[in-house]
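Let's take a walk through a protein together. Have a look at the picture below, and then we will visit a few places one by one.

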Amino acid sequence: MLDAQPGLTHKFVRQLECQGKLLNCYTQNVDGLDRLAGIEHLVECHGSFSHSVCMICGDRVKTELLKDHIVEQNVPRCVSCGEGVMKPEIVFFGEQLGSHFYSSLEHDIEKCDLVLVIGSSLSVHPVSSIPRWFVMCDSLDRVRGSVPQILINREPLSDFTFDVEFFGDCDLVLGHISSQLGDDFFSDLCGRDVMLQRSELELGDPESGILTGLVVF
């Protein structure tokens, strides 16, 4: 995990941010790849492995400094106090999410005009409730409108209803979408050296899985 690099999906979100289209990226991933991709408007809902914290004195260090201990499967100890175990700065099951998660949502609900759900099972609360928080109801709990929502995923989510659904590998789907957004968007996302491959994406090879199970409603 320490040597992993951002993929096309991370870069797509970063490109949206660069064009002023991103309020926030809410991620359940703890690998830190979203931040490594340069995404600044980021809410790491479950924390990140990028830093570790001493369970006794609270000293905080980059997890990269503990890499040797992790590789050798030794429990890393705090250098500051000499006693505490260094815990990854992530939210474990049973622990509460930080206040930043809720304050960010309260802010975004007022301004958001599109929700993208990418590569998630939406099975862990409270992140799983985000799409429903963007459905607006009146005082009698009757739906009076909602923010358009798009799902890009390998499989449908039976407990949710999206306005548009793309099924397939997220990198392939977003690569295809990017190829339709113009040369500037595609080249900034993928790099000039892959521009020659764009014609393959535009053709939508039926065996590539890019458009498999496409549902629009």
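Helices (H or I, at least four residues) and strands (E, at least two) are runs assigned by DSSP and numbered from the N terminus. Keep in mind that this is a predicted model, in which local features need pLDDT of at least 70, side-chain atom pairs count only at pLDDT 80 or more, and totals for chains, interfaces and linings use all residues. Residues are numbered from 1 along each chain as its sequence is written, and side-chain values use heavy atoms, leaving out hydrogens and water.

Start with helix H5, residues 130-133, where you will find tryptophan 133. Is this residue buried, partly exposed or exposed? Tryptophan 133 has 33% relative accessibility, so it counts as partly exposed; buried means under 20% relative accessible area, exposed over 50%, and partly exposed in between (1.4 Å probe, protein chains only).

Now move to helix H6, residues 170-179, which holds serine 179. Serine 179 counts as buried because its relative accessibility is 0%.

Our last stop is a sheet. Three strands form an open sheet, ordered E4-E3-E5, with antiparallel pairing; two strands pair if DSSP finds at least two bridges between them.
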